[in-house]
Every structure is written in C-alpha cells, then in structure tokens.
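Hello,

Here is the structure I said I would pass on. My notes on it follow below.

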Amino acid sequence: MNTIDPIEILVVEDDPVTAAGICETLNSRFYHCHHTVSLAGAGEIIKEKVINLVICDLNLPDGHGFDFLRQIRRTDKNTAFIVITSSDDPGLITTALRSGANDFISKPFHLHNLPTIIQRNLERQHMERLHDHQIKIHGLTEAIRVLIAALEAKDSYTSGHSVRVARYAMMLGHALSFNEDDLFTLELSAILHDIGKIGMPDQILKKSSSLLEKEYRTAKEHPVIGSKIVGKIGALKEVALIIRNHHERFDGNGYPDQLSGYAIPLMSRILTIADAYESIVSNRIYREKKTPEVALDELKKNAGTQFDPALVKLFIQIQSDTSLKKPVLRIDSQLHNLTAD
Ligand SMILES: [Fe+2]
C-alpha cells in the first residue's frame with residue numbers, strides 16, 4: 001500500500017450508534033469512512049471505490065455478513081475484513097475466520113481500541129501483498145533461469161556473452177539515470193537478447209567460417225524467435241519488444257523491422273552498442289578478440305549509421321572513466337547458481 005493514498009474503510013453496520021462511533025473514531029484518525037446499513041449498500045460502494053478494509057456486522061436487514069465476506073473473497077483475497085458480532089459463540093468466530101475474515105470484534109467494545117485493530121490488519125494486509133509480489137518475482141526469475149539454462153545447454157558461449165552484454169548495457173542505463181524498474185527491464189533484455197538462438201541449427205550457430213546467404217537469413221530470425229519466446233511470459237512484454245529490435249540499425253538498414261533513429265526503442269539502441277562492443281573484445285569461433293580501444297574506434301566509426309551517435313559518445317565516456325564501478329546485476333547471482341548446478 002502506498003502510504004500517501006488515503007485509506008478507505010467500509011463500515012457495514014445497521015446499528016446507528018455503533019456505526020456513528022466507529023466512523024467518528026476513524027475519521028479523527030484521517031481514515032476515509034464509508035458507511036452503509038445493508039449488504040445491498042455495501043455491494044454498491046465496493047463497485048465504486050477501492051476499499052482497503054471492511055468492518056462488517058453479521059446480522060444485517062437484507063442478509064448475513066458472511067454473504068458479503070464470500071462475495072468479496074471471490075474476487076479479492078487482500079482486502080482486510082473485520083467481523084463485528086454481538087455473539088461470543090466460538091463456532092461463529094471460527095466460521096468467520098475460515099470464510100476469509102481476518103479479525104473479529106465482539107460487541108460491546110471500546111472505541112479507543114479500534115485504531116490499533118485497524119492498524120494491525122492493514123499491516124498484515126501490506127505484508128500479504130508484499131509476499132504475493134515476491135512470489136510473482138520468484139516465478140519470473142525461475143522462468144528466466146529455465147530460459148537461460150536452455151540457452152546454456154545449447155550454446156554456453158552465448159549465455160556468457162549475454163551476461164557481459166548486460167554489464168555494459170547497465171553502465172549506459174546508470175549513466176542515463178534509469179530508475180530501478182527500467183534498469184531491471186534493461187538487464188533482463190540484455191540477459192535474454194539472444195535467447196532466440198535456441199531455435200538455430202548448430203551448424204549455423206557454431207560455424208567458424210562465413211555464413212552462406214541462406215544460413216545468414218536463418219541467423220537473422222533470432223530476434224523475432226526470441227521475442228516470441230519471451231513474449232509468452234506476461235510480465236516480459238516490454239522485454240520482448242526490446243529483444244525484437246536489438247539488431248536494428250540507426251540508419252534503418254537493420255532487421256527485422258528496418259526501424260530507424262529514435263523509432264528504435266531506447267533500450268534496443270543501448271543493447272546494440274553493448275552487444276557489438278562485447279563481441280569485438282571477446283574471442284569468437286571465427287576470430288580473435290580485439291582491444292577495447294579498437295572496439296571503441298569501431299563504435300565511433302559506425303555512430304550515426306549502425307549506432308545511436310549520442311549513446312556511442314556516452315559509452316566512450318563511460319569506458320574511459322576508470323572510477324566507474326562495474327554495475328551489479330540483480331539476477332547475476334541466479335546465473336552463478338545456474339552455472340554451479
Ligand atoms: Fe543478437
């Protein structure tokens with residue numbers, strides 16, 4: 001929960017004295033209190049408002065509080081739900097908790113305890129959301145690990161190359177003051193940029209001499225294949241687009257879409273430079289590695305035709321600044337684990 005958002009609390013209570021006491025207490029603590037006396041009224045409010053917490057009486061004129069609890073839990077497991085009951089029947093309380101209520105208050109109760117109860121439930125709700133988010137991130141990392149493992153099995157050179165490209169790309173990302181989310185997107189795009197090579201025949205991927213025309217056409221399909229693979233993961237749609245365009249050229253003579261200039265996504269333009277630089281300074285099957293100076297000269301020579309000239313300038317500045325530390329990759333440790341598997 002964002003702490004600057006107002007906290008919206010729905011009170012479903014048909015006893016006017018209890019309802020007035022609750023709302024007065026909550027409003028004095030800067031919560032937004034919405035009050036209704038019925039299930040029908042509660043149903044209308046949740047259609048209109050995003051409610052963070054519900055305080056609901058069990059016996060209402062048009063039904064039982066459990067009906068509303070079940071209605072909410074069908075679509076939302078995170079909204080905190082506190083039951084108010086005048087019954088001290090343990091069976092009823094157990095049923096409430098089993099049905100998805102988070103807490104209960106027995107009438108009569110002291111209003112001065114209410115803020116503590118609300119706070120406790122909001123904190124728990126926040127922790128649960130955080131936990132759900134972590135599970136999603138874990139799932140995403142696992143999916144990436146599987147993709148990288150597949151590429152590693154097919155071609156260990158490409159996998160190592162991708163991690164090094166990620167480091168160079170992240171240097172540019174930091175220099176451009178990318179926020180954390182964009183840095184992570186850039187890192188994932190770099191790590192996965194050649195994932196489409198999984199589908200490439202070994203005789204092309206590992207060929208030490210020049211490719212024939214037909215083989216070159218096949219090799220050029222890897223950005224589209226990679227984009228399709230990565231695009232299957234819902235959270236990686238943006239990454240898929242960046243991967244698709246990592247072989248475009250600034251002058252429009254690249255592939256697969258022949259985009260030119262700033263029509264090429266910024267992160268794809270960054271990857272093109274990081275990818276080219278890393279390839280030149282590393283040994284390849286078909287040639288020996290060259291020095292960083294030669295690689296930077298190559299970038300300079302092709303600035304404005306192959307590469308975004310402003311990014312080349314920035315990259316050259318970064319490479320000559322020895323005070324800059326190598327960026328730490330977020331999923332780097334995952335990849336190390338993978339190598340150790
Ligand atoms: Fe590539």
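A residue counts as buried when its relative accessible area is under 20%. The model is a predicted one, and in it Ser38 has a relative accessible area of 15%, so Ser38 is buried. Ser38 lies in the loop that runs between β2 (32-36) and α2 (39-48). If neighbours within four places in sequence are set aside, Ser38 is in contact with Val12 and Asp62.

Next, the metal site. Four residues coordinate the iron ion: Asp194 through OD, and His222, His246 and His247 each through NE2, at 2.1 to 2.3 Å. Along the chain, these donors follow the spacing D-x27-H-x23-H-H. The angles among the four donor atoms run from 84 to 172 degrees, and the site is irregular. To count as tetrahedral, four donors would need all angles between 85 and 135 degrees.

Last, a pair of helices. Helix α11 (residues 237-244) and helix α12 (residues 266-281) have axes that come within 8 Å and cross at roughly 50 degrees, so the two are oblique to each other. Their crossing is right-handed. On the α11 side, Glu238, Leu241 and Ile242 take part, and they meet Met267, Ser268 and Leu271 of α12.

Regards

Terms used:
Residues numbered from 1 in each chain as written. Predicted model: local features only at pLDDT ≥ 70, side-chain atom pairs only at ≥ 80, totals over all residues. Heavy atoms only, no water. Donors = N, O, S within 2.8 Å, 3.2 Å for Na, K, Ca; no water. Tetrahedral: all angles 85-135°; square planar, octahedral: opposite > 155°, others 65-115°. Axes fitted to C-alpha atoms, helices over the stretch in contact; angles between N-to-C directions. Helix = DSSP H or I, 4+ residues; strand = E, 2+ residues; numbered from the N terminus. Parallel < 35°, antiparallel > 145°, perpendicular 65-115°, else oblique. Left-handed = near helix turned anticlockwise from the far one by under 90°. Contact = heavy atoms within 4.5 Å. Buried < 20%, exposed > 50% of the residue type's maximum accessible area, 1.4 Å probe, protein only.
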